[in-house]
Amino acid sequence: MSNPITVRKFAGYALVASVINSIIFLIAKSADATMVVNQGGSRSISLVMVFGATLLGLVVAAYVANLIGKKSQGFMKNSPLIGLLFGIVTAAAPFTASDDSKTAIALASNHVVAGIVWYFGSKRSN
């Protein structure tokens with residue numbers, strides 16, 4: 001069985017992803033992205049939301065991956081790739097939720113960044 005992810009150590013990687021995604025947000029806003037998504041109503045995305053969702057989402061994912069890894073022998077070995085693929089596949093969602101292509105590209109980039117950081121961070125945090 002692979003080693004579990006050390007959530008405390010992984011939190012550092014999640015913080016890096018949060019900073020990168022915040023920079024992407026600021027670049028998108030400076031390029032006049034609306035940062036508005038339509039999911040059951042119009043909602044404006046803020047810098048705090050991007051930072052918090054990235055940080056909290058990745059840390060919670062590491063914790064949940066550890067719980068699943070206790071029940072499934074091979075899960076921890078495959079979790080870096082699963083997270084990377086999840087980040088890439090979910091990058092399509094912003095294109096369906098935003099009418100603004102700049103916003104969609106920025107938010108999709110956030111998903112990809114989170115997936116890449118998950119891949120490397122989860123491998124190095126066990």
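## Close-up views of a predicted model

**Figure 1. D32 sits in the loop between α1 and β1 (36-38).** Welcome to the first stop in this predicted model. D32 is not a glycine, yet its phi is positive, at about 70°. Is D32 buried or exposed? With 62% relative accessibility, D32 counts as exposed, because the cut-off for that word is over 50%.

**Figure 2. M35 is found in the loop between α1 and β1.** Here, too, the backbone deserves a look: M35 is a residue other than glycine, and its phi is positive, near 55°. M35 has a relative accessibility of 0%, so it counts as buried. Which residues is M35 in contact with, once its neighbours within four places in sequence are left aside? The list is F25, A28, K29, R43, S44, I45, D100, T103, A106 and L107.

**Figure 3. The largest nonpolar core has 24 residues.** Which of its residues touch the most other members? They are I5, F10, M35, I45, L58 and W118. Two or more residues of this core come from each of the elements α1, α2, α3 (75-89) and α5 (101-124).

**Figure 4. The model has 3 aromatic pairs.** In one of them, the ring centres of F10 and W118 are 5.1 Å apart and the ring planes stand at 70°, so this pair is edge-to-face. It links distant parts of the chain, since F10 lies in helix α1 and W118 in helix α5, 108 residues apart. Both partners are buried: F10 has a relative accessible area of 0%, and W118 has one of 5%. Which residues do ring pairs link into a cluster? The cluster is made of F10, Y13 and W118.

**Figure 5. Y119 and F120 form an edge-to-face pair.** Their ring centres are 5.1 Å apart and their planes are at 90°, so the pair is edge-to-face. Are these two residues buried or partly exposed? Y119 counts as partly exposed at 22% relative accessibility, and F120 counts as partly exposed at 41%.

**Figure 6. S22 is part of helix α1 (residues 7-30).** S22 has 10% relative accessibility and counts as buried, because the cut-off for that word is under 20%. Where does S22 find its contacts beyond the neighbours within four places in sequence? Its partners are L47, V50 and F51. To place two of these names, look along helix α2, which spans residues 47-71.

**Figure 7. A nonpolar patch lies on the surface.** Which residues form this patch? They are L56, V60, Y63, V64, L67 and I68, and together they have about 530 Å² of accessible area. V60 is a handy landmark, as its place is in helix α2 (residues 47-71). With a relative accessible area of 42%, V60 is partly exposed.

**Figure 8. G115 belongs to helix α5.** G115 is buried, at 2% relative accessibility. Leaving aside neighbours within four places in sequence, G115 is in contact with G83, L84 and G87. How far apart are G115 and I45? They are 70 residues apart in sequence, and their C-alpha atoms are 20 Å apart in space.

**Figure 9. T6 is in the segment before α1.** T6 counts as partly exposed, at 38% relative accessibility. Beyond neighbours within four places in sequence, T6 is in contact with S125 and N126. Between the C-alpha atoms of T6 and L85 there is a separation of 21 Å, and the two residues are 79 residues apart along the chain.

**Figure 10. G41 lies in the loop between β1 and β2 (42-44).** Is G41 buried or partly exposed? At 38% relative accessibility, G41 counts as partly exposed. From G41 to I82 the distance is 31 Å, C-alpha to C-alpha, while in sequence the two are 41 residues apart.

Conventions:
Residues numbered from 1 in each chain as written. Predicted model: local features only at pLDDT ≥ 70, side-chain atom pairs only at ≥ 80, totals over all residues. Heavy atoms only, no water. Helix = DSSP H or I, 4+ residues; strand = E, 2+ residues; numbered from the N terminus. Buried < 20%, exposed > 50% of the residue type's maximum accessible area, 1.4 Å probe, protein only. Contact = heavy atoms within 4.5 Å. Patch = residues over 30% accessible without salt bridge, like charges linked within 9 Å, V, L, I, M, F, W, Y side chains within 5 Å. Areas by Shrake-Rupley, 256 points an atom, 1.4 Å probe, with all protein chains shown as cover. Salt bridge = Lys/Arg side-chain N within 4 Å of Asp/Glu carboxyl O. Core = buried A, V, L, I, M, F, W, Y, C linked by side-chain atoms within 4.5 Å. Phe/Tyr/Trp six-rings, centres within 6.5 Å; stacked < 30°, edge-to-face > 60°.
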